[in-house]
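Welcome! Take a moment to look over the protein shown here, and then we can walk through a few of its parts together.

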Amino acid sequence: MPIPVVQLGTGNVGIHSLRALITNPEFELTGVWVSSDVKAGKDAAELAGLTDSTGVLASTDLDAVLATGPQCAVYNAMADNRLPEALEDYRRVLAAGINIVGSGPVFLQYPWQVIPKELIKPLEDAAQQGNSSLYVSGIDPGFANDLLPLALAGTCQNIEQVRCMEIVDYATYDSAVVMFDVMGFGKSMDEVPMLLQPGVLSLAWGSVVRQLAVGLGISLDAVTENHVRVPAPEAFDISSGHIRQGSAAALRFEVLGMSNGRPAVVLEHVTRLREDLCPDWPQPAQPGGSYRIEITGEPSYAMDICLSSRRGDHNHAGLVATAMRVVNAIPAVVAAEPGIRSTLDLPLVTGRGLYTPA
């Protein structure tokens, strides 16, 4: 029997989740929640860019969507700029006895020692109340910096450091909220955006560092962060809008898990808005961007993950990967014990049943 599911949010990631829920016979779509009155009342197929009607109409009423009888909800609603609301959404869904897979807030990938206990407890209590489970993942944070580095580490004799990197040109990433409000691109170099407020990087990607440390059996003394920004040499345009000359156009940051005074686990992002910016920074393995895992040890590893798509560029591929990392985990999450689950808890998600002849 197919698993009844609802889609919560139909933005850059949610549209790909929705398309998968409609087209994969393993799932039965029962409802769609949207935040925009413009989308309300539209058939799910129209929102997903598909032609055959589903008969499932989008609604702005979360309670009505949850009342359609799902076993699982796919949560792709914007969370970065509405954290209290997103956490309350999660609590309500879990308490209603509905499992959740989601793409954010990203710290829920592994929230322990990352966010205060008072923010975790309502979710854990709701999961116990509803006998439900929660899993948050994606491509980064997620697959490129949890499952893959842990798999490589399993072939090592000893490990000195694990470094996970995203090296990506974000020029085609079309989200003004994320690009300008959250990351601060196009803003004055004197203006500190949300992402670079003290402690926020460690909040957003601390889950990566903490989960890897637990998976590797490393006790961390502290999690620290650093960043550097570079201004635009001249004005230019990206998909999300205009970048003024002298405004922020490149960002490099690290979140470091420290053990005995040394960086044992490192998450690093190298983000450009043009490929010619900061040529001395690490370069991707393919034009546009790639993910990289570096393990220093015996043996040492350097592995590049290059995303592509016949339907778009590397950023499009990353959005699809983020959506499918959680959608494909639905059966495992439905079967999991109640509570907040991580990649360390779930069985290997293999993509079973996804083979499609060309």
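Keep in mind that the model is predicted.

**The two domains**

The domain assignment divides the protein into domain 1, made of 3-136 + 317-341, and domain 2, made of 147-306. Notice that domain 1 is written as two stretches of sequence. Taken over C-alpha atoms, the centres of domain 1 and domain 2 are 26 Å apart. Where the domains touch, 14 residues of domain 1 and 17 residues of domain 2 take part in the contact.

**What the interface is like**

Together, domain 1 and domain 2 bury about 1,300 Å² between them, and 62% of that area is on carbon and sulfur atoms. On the domain 1 side, the residues that lose the most area to domain 2 are Gln 109, Tyr 110 and Val 114, which together make up 36% of what that side buries.

**A helix in its surroundings**

Now turn to helix H1, which covers residues 14-23. Its buried residues are Gly 14, His 16, Ser 17, Leu 18, Ala 20 and Leu 21. Here a general point is handy: an α-helix has 3.6 residues a turn, so residues three or four places apart point the same way. The cover over the buried residues of H1 includes strands S1 (3-8), S2 (27-33) and S4 (72-75).

| Residue | Strand | Relative accessibility |
|---|---|---|
| Thr 271 | S12 (residues 262-272) | 0% |
| Ser 259 | S11 (residues 248-259) | 16% |

Thr 271 counts as buried because its relative accessibility is 0%, under the 20% cut-off. Beyond its neighbours within four places in sequence, Thr 271 is in contact with Glu 166, Val 168, Tyr 170, Met 183, Phe 185, Ala 250, Leu 251 and Trp 281.

Is Ser 259 buried or exposed? With a relative accessible area of 16%, Ser 259 is buried. Not counting residues up to four places away in sequence, Ser 259 touches Ile 218, Ser 219, Leu 220, Asp 221 and Ala 264. One of these, Ser 219, is 40 residues from Ser 259 in sequence, yet their C-alpha atoms are 6.5 Å apart in space.

Terms used. Residues are numbered from 1 along each chain as its sequence is written. This is a predicted model: local features need pLDDT of at least 70, side-chain atom pairs count only at pLDDT 80 or more; totals for chains, interfaces and linings use all residues. Side-chain values use heavy atoms; hydrogens and water are left out. Domain bounds come from an automatic or database domain assignment. Contact means heavy atoms within 4.5 Å. Buried area is the accessible area (1.4 Å probe) that two parts lose on being put together, summed over both. Helices (H or I, at least four residues) and strands (E, at least two) are DSSP runs, numbered from the N terminus. Buried means under 20% relative accessible area, exposed over 50%, partly exposed in between (1.4 Å probe, protein chains only).
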